[in-house]
Structure formats: structure tokens, C-alpha cells
Amino acid sequence: KIVEMSTSKTGKHGHAKVHLVGIDIFSGKKYEDICPSTHNMDVPIVKRADYQLVDISADGFLSLMVDSGDLREDIKLPETELGSEITNRFEQGEDMLLTVMNAMGEETVVAIKQNTK
């Protein structure tokens, strides 16, 4: 996710440069890059999907129900504050929708919503 962008003037070789600062949407790590303004940049395709939480396995994987009724069991419980909040709310019997973000072959849970049925 780009959080800051600045452009420098053309130098003695004739190319303006763009300075980009971004934050990794999965880890929160900050990255910086400088590239010529005439070059193309690759942009990741980010998808979000909501799934209903069905179960949390002993090894930390989530059982999530897709809208079609199929189960997904390939997403791990986040090892962050969000992960402990999901566990606590699930143990209290709360019905939740989890928002899963997918980009560049990586998937993780990024948000919790109350399921309103």
C-alpha cells in the first residue's frame, strides 16, 4: 500500500525520479523504492472476501464457510492481536464473518465483522 510518493526534478541525464514509500499489507513492514518516472510499475491485484467462521482447529487453522456452502481450511489463524480476538469471540459462541485479503499468492485474515444473517 503506497503511503507516500514524491517526484524529483530531471537530473543531468534527463530522467525525473519517483520516490515511493509503501507498507506491506500483510506484515506492516515499510518499503521504499526509487524509479524513473518514465518506467512502468507492477501493481498487485488485491482481493477481499468475507467468510463465515465455522471452527478453529487445534493446529491453528480456520474452518471458513464460503457463500456456496463449501469449507476452506487452508488459512491459518493470525498470530497477532487479531488472532487472539478471533479465538476469544469464537469461544464465547459469537457468530462472525472474517475478511480475508489475498494478494501475490498470500492470504491472511485482516478483519472481523459481526454476522447479521
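This is a predicted model: local features need pLDDT of at least 70, side-chain atom pairs count only at pLDDT 80 or more; totals for chains, interfaces and linings use all residues.
Which strand gives the most to the lining of the largest pocket?

Residues are numbered from 1 along each chain as its sequence is written, and side-chain values use heavy atoms, with hydrogens and water left out.

**Stop 1: the largest pocket**

Select Lys1, Ile2, Gly22, Ile23 and Pro44, which are the closest to the centre of the largest pocket among the 20 residues that line it. A pocket here is found on a 1 Å grid over the protein atoms alone, as an open set of points where a 1.4 Å probe fits, with protein on both sides within 12 Å along at least five of seven lines, and a lining residue has an atom within 4 Å of a point. The volume is about 650 Å³, taken as the space filled by probe spheres set on the points, which are joined across faces, edges and corners. Next colour strand S2 (17-23) and strand S3 (30-36), the elements that give two or more residues to this lining; helices (H or I, at least four residues) and strands (E, at least two) are DSSP runs numbered from the N terminus. The answer to the opening question is S2, with 4 residues.

**Stop 2: Ser8**

Move to Ser8, in the loop between strand S1 (2-7) and S2. Leaving aside neighbours within four places in sequence, Ser8 is in contact (heavy atoms within 4.5 Å) with Ala16 and Lys17. Its relative accessible area of 37% makes Ser8 partly exposed, on a scale where buried means under 20%, exposed over 50% and partly exposed in between, with a 1.4 Å probe and protein chains only.

**Stop 3**

Select Ser63 in strand S5 (residues 61-65), which is buried at a relative accessible area of 9%. Not counting residues up to four places away in sequence, Ser63 touches Gln52, Leu53, Val54, Asp55, Arg72 and Glu73. Then show Phe61 together with Lys76, which lies over the face of that ring at 4.8 Å from the ring centre; the criterion is NZ of Lys or CZ of Arg within 6 Å of the ring centre and within 35 degrees of the ring normal.

Follow the chain to Asp70, in the loop between S5 and strand S6 (71-76). With residues up to four places away set aside, Asp70 touches Leu64 and Met65, while its C-alpha is separated by 21 Å from that of Ile86, 16 residues apart along the chain.

**Stop 4: salt bridges**

How many salt bridges does the count come to? There are 5, each being a side-chain nitrogen of Lys or Arg within 4 Å of a carboxyl oxygen of Asp or Glu. Select Asp74 and Arg72, whose closest N and O atoms are 3.1 Å apart; Asp74 is partly exposed at 48%, whereas Arg72 counts as buried at 17%.

Now centre on Arg89, which is buried with a relative accessible area of 18%. Arg89 forms a salt bridge with Glu85, the closest N and O atoms being 3.0 Å apart, and these two residues, 4 apart in helix H1, are separated by about one helical turn. Glu85 is partly exposed at 38%. The side chain of Arg89 also meets that of Glu94 in a salt bridge of 2.7 Å, N to O, and Glu94 is partly exposed at 24%.

**Stop 5**

Select Leu82 in helix H1 (residues 81-91). Leaving out residues up to four places away in sequence, Leu82 touches Val109, Val110, Ala111 and Ile112. Asp33 lies 30 Å from Leu82, C-alpha to C-alpha, and 49 residues away in sequence.

Finish at Met104, in the loop between strand S7 (96-103) and strand S8 (106-114). Met104 has a positive phi of about 50° although it is not a glycine, and at 71% relative accessibility Met104 counts as exposed.
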